Amino acid sequence: MLNGGKKRYRIGIITHYYKSVNYGGNLQAYAMCTVLKQHFELIAQQICYLWTKEQFICKDSHYNLFWKKLPLFFKKNINRLVHFPSKIRNRCYKFLQRKKINLILEQRIKAFNFFNTRLIPNTLIEYTTENLSTIISKYDVFITGSDQVWNTEWYTPAFFLDFVPSDKIKLSYAASISKDQLTDAEKELFKKNLADYKAVSVREESAVEMLQDLSPVEVELVLDPTLLLNREDWDEVCSERVIREDYIFCYFLGENKAERKIAKSFAKLHGIKIVSIPLIGSNIYSDLKFGDVVLPAASPEQFISLIKHAKYIFTDSFHAVVFSYIYQRQFFVFNRDKKGSMNSRIKSIT
């Protein structure tokens with residue numbers, strides 16, 4: 001055990017945390033540092049690692065510049081311009097969508113800023129692939145996880161601790177692969193990357209089975225960091241009640257329209273409002289209209305509160321299920337996609 005000796009180990013954690021506007025990703029990052037400090041008296045920090053996945057934010061400056069120059073009349077009457085060629089109309093819709101997504105992202109980033117920078121211990125320096133090796137001397141132990149650090153759809157070597165030399169302690173905690181099968185190439189990838197790990201733990205039963213023959217050590221199934229803190233711990237983070245009356249809280253990360261229709265029917269049947277945090281993605285417009293109260297820029301603290309005080313929760317999110325369990329709320333969970341590839345971690349909770 002790291003706390004078994006007199007040395008107070010310094011822990012560097014790398015996960016999907018830095019500049020993230022994902023609720024689960026930030027809450028598990030907070031939980032990981034908190035647990036290591038409270039229960040093991042270890043110094044733990046999240047590494048501010050800027051990884052390429054962050055490029056999903058719209059940065060098409062020429063689109064924004066063009067939109068700013070569009071006449072006000074054109075903006076207001078875009079739906080009436082039926083005589084314009086379809087390509088021009090579609091281009092204008094795309095300009096509008098990017099502008100809207102960027103605005104919402106800016107608002108959500110502000111809402112996340114306090115939680116990210118003040119409540120979660122982190123490095124003061126931003127690291128990239130180019131300078132990540134300079135951090136090695138600052139920590140005795142490196143941990144990757146939790147969250148989808150091993151999702152091969154966006155393979156990032158740093159999340160496999162490739163920058164850490166073999167004389168340092170390398171661990172994973174509750175790492176998620178988010179798929180039920182690995183290709184032969186992916187198996188070779190894991191076998192190579194895990195070769196000098198001292199401990200490997202994951203948060204899905206399927207991942208244990210997939211990695212056991214590829215790992216040099218026993219692969220353990222563990223709880224997500226958010227489940228290592230109790231209700232009282234999360235109450236210290238939770239904001240004041242956001243919505244006073246009874247409501248259904250909807251938080252969907254997939255674009256399945258059927259689950260939203262079910263939530264609407266349930267709300268109508270029970271005469272209760274829907275409060276939602278909309279998906280930021282290709283479904284942005286329809287989601288902004290989904291629900292009686294839409295909160296696109298809710299903070300992580302408010303996310304917890306919305307679950308804590310909800311009458312019911314409808315979701316396809318792993319961490320929304322986690323907090324529904326912590327606060328003993330009634331919840332309905334859906335497949336995020338037709339394949340169900342993102343649901344193994346939800347099934348592992350039970």
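**Close-up views of the predicted model**

**View 1. Gln328 is exposed, with a relative accessible area of 55%.** The model shown here and in the views that follow is a predicted one. Gln328 belongs to the loop that connects helix H11 (318–326) with strand E11 (330–333), and its backbone has a positive phi of about 55 degrees even though the residue is not a glycine.

**View 2. Lys19 is a further residue with a positive phi, here of about 60 degrees, although it is not a glycine.** The residue is placed in the loop between strand E1 (10–14) and helix H1 (23–40). Lys19 is classed as partly exposed because its relative accessible area is 48%, whereas the term exposed is kept for values over 50%.

**View 3. Gly145 and Ser146 are joined by a cis peptide bond, with omega at about 0 degrees.**

**View 4. Four strands form an open sheet in the order E2-E1-E3-E4, with parallel pairing.** The edges are taken by strand E2 (43–46) and by E4, and since each of them has a single partner strand, one side of each is left without a neighbour in the sheet. Direction ignored, neighbouring strands of this sheet are turned against each other by 25 degrees on average. Helix H1 lies across E1, E2 and E3, and its direction makes an angle of about 170 degrees with that of E2.

**View 5. A cluster of aromatic residues is linked by ring pairs, and its members include Tyr23, Tyr30, Phe112, Phe115 and Trp234.** Phe249, Tyr251, Phe303 and Phe323 also belong to this cluster.

**View 6. The charged end of Arg203 sits over the ring of Phe318.** The distance from this charged end to the centre of the Phe318 ring is 4.5 Å.

**View 7. The largest nonpolar core has 41 residues, and those touching the most other members are Trp234, Phe249, Ile277, Phe303, Ile304, Leu306 and Phe323.** At least two residues of this core are supplied by each of H1, helix H4 (86–119), E7, helix H10 (300–308) and H11, and H1 gives the most, with six residues. A second, separate core has 31 residues, among them Phe142, Val149, Ala158 and Leu214.

**View 8. Phe323 is shown with the residues it touches, leaving aside those up to four places away in sequence.** The contacts of Phe323 are with Leu27, Thr226, Trp234, Phe303, Ile304 and Ile307. Of these contact partners, Trp234, Phe303 and Ile304 are listed together with Phe323 among the residues that touch the most other members of the largest nonpolar core.

Technical notes:
Residues are numbered from 1 along each chain as its sequence is written. This is a predicted model: local features need pLDDT of at least 70, side-chain atom pairs count only at pLDDT 80 or more; totals for chains, interfaces and linings use all residues. Side-chain values use heavy atoms; hydrogens and water are left out. Buried means under 20% relative accessible area, exposed over 50%, partly exposed in between (1.4 Å probe, protein chains only). Rings of Phe, Tyr and Trp (its six-membered ring) pair if their centres lie within 6.5 Å; planes under 30 degrees apart count as stacked, over 60 as edge-to-face and the rest as tilted. A charge sits over a ring if NZ of Lys or CZ of Arg is within 6 Å of the ring centre and within 35 degrees of the ring normal. Two strands pair if DSSP finds at least two bridges between them. Axes are lines fitted to C-alpha atoms, for helices over the stretch in contact, and angles run from 0 to 180 degrees between N-to-C directions. Contact means heavy atoms within 4.5 Å. A nonpolar core is a set of buried Ala, Val, Leu, Ile, Met, Phe, Trp, Tyr and Cys residues joined through side-chain atoms within 4.5 Å.
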